[in-house]
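Please show me the sequence and the model. I would like to learn how to read its features.

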Amino acid sequence: MSHDLFSPLEIRGVRLKNRVVASPMWQYSGVDGAPTDTHAVHLGRLAEGGAGLIFQEGTTVARKGRGTVGDLGIWDDSLVPHYARLVDLVKAGGAVPGIQLIHAGRKGRRNPPWAWREPNPPAAEDWQVLGPSPLPVMLDGYNMPIEMSLRDIQEAVDAWVQAARRAQEAGYDVLEVQAAHGYLIHTFLSPLSNQRTDDYGGSPENRARLLMEIIDGIRTIWPADKPLFVRLSCVDVDWEIDQTVELVRELRGHEVDVIDCSSGSLTGRPVFDTTSAGYGYQVPYAEEVRARTGIRTMAVGHIVHAKQAQAIIEQGRADLVALGRELLYNPNWPMDAARKLGVPDPYAQAPSRIAYWLAKRDGSFEGFAPSTEGTR
């Protein structure tokens, strides 16, 4: 059965109105972990633009899991009401709210990207940088990690589980585990950064143990009718697609629903020069993982044009397409794409006041009414 970009998708008990996803995009504007009006504006305008699923930026599960002082965090119950407000905004815009949970690992305690080389990064006493082994990212601006003890590992697993509980209490409908891009879980998966000799190092099964324990722990409290995504670097300097396929086959047995297929960044760099990469340069990873494992996948990376995104879905290369920078340029991209693809009632993709005025401009506003669903 063929599908298109604007056909709905049901995953467990959650229905997405289309296959367009807003990727997690860091704002570096949190205050002691809590979101601000910056985050409300960012997520609200994406929801108003018509995407089916909106992911909040990577939200840290523990204070010591932060990458920068401006990272969002969900490490305390007092933060839940702040996120409930963001959930309401996304739902009021007609989208499904998702959250990506992250622990920065050895990429922790840095300045924001535009200030990496400034002389005053956060001090060591502010929070420890942790990793599977005492091996740093070999680039300027990164710190030497402390090798995690078994107690540290258990605390990390517990932190992920409690963060998932708080995400459920805040009202998120989709949860993603960040296991790519050189953050904590990715560094356990890779033999290049994980040189442990205990149960969390050595064999592929041991190196995947942390991820599986986190997934199993989350599934004990994350509702059975809500999807669970995992973001993976499907290829990297020491990792091939065959290894990803084997890992994903195991993840399927741990009740993971979608693989978010990215690549690179274990060493702090992409696997190739993304400035010269072509459109959809990571789509082949999503296509191969989907074909070889049967799991749903999400394609990311230089997805820009409506017909390009449509072809990815129509050809069965992925089940979802995620956009980042293109949605920053044009948060109304989904409505624009729907018009270009000839979708009936394209403004119905965003039952909002923005869509109302655009529909009125085009003379197709009769009977259109902004939605109030999702408000409390």
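The dialogue below takes up a pair of helices and then some salt bridges.

Q: What kind of model is this, and what counts in it?
A: This is a predicted model, in which local features need pLDDT of at least 70 and side-chain atom pairs count only at pLDDT 80 or more, while totals for chains, interfaces and linings use all residues. Residues are numbered from 1 along each chain as its sequence is written, and side-chain values use heavy atoms, with hydrogens and water left out.

Q: How do α3 and α6 cross, and at what angle?
A: Helices are DSSP runs of H or I with at least four residues, strands are runs of E with at least two, and both are numbered from the N terminus. Axes are lines fitted to C-alpha atoms, for helices over the stretch in contact, and angles between N-to-C directions run from 0 to 180 degrees. Here the axes of α3 (residues 150-170) and α6 (residues 209-221) come within 9 Å and cross at roughly 35°.

Q: Which residues of α3 and α6 meet?
A: Contact means heavy atoms within 4.5 Å. On the α3 side, Ile153, Val157, Trp160, Val161, Ala164 and Arg165 take part; on the α6 side, Leu210, Glu213, Ile214, Gly217, Ile218 and Ile221 do. By class, this contact has 9 nonpolar, 1 polar and 2 charged residues. Nonpolar covers Ala, Val, Leu, Ile, Met, Phe, Trp, Tyr, Cys and Pro; charged covers Asp, Glu, Lys and Arg; the others, Gly among them, are polar.

Q: How many salt bridges does the structure hold?
A: A salt bridge is a side-chain nitrogen of Lys or Arg within 4 Å of a carboxyl oxygen of Asp or Glu. The structure holds 19. One of them joins Asp77 and Arg165, at 2.9 Å from N to O. This pair links distant parts of the chain, 88 residues apart: Asp77 is in the loop between β4 (53-60) and α2 (80-92), and Arg165 is in helix α3.

Q: Where do Arg151 and Glu155 lie?
A: Both are in helix α3, 4 residues apart, about one turn of the helix.

Q: Is Arg196 buried or exposed?
A: Buried means under 20% relative accessible area, exposed over 50%, and partly exposed in between, with a 1.4 Å probe and protein chains only. Arg196 has 7% relative accessibility, so Arg196 counts as buried. Its salt-bridge partner is Asp198, with the closest N and O atoms 2.8 Å apart. Asp198, at 25%, counts as partly exposed.

Q: Which residues are linked in a network of salt bridges?
A: Arg12, Arg219, Glu255 and Asp257 are linked in this way.
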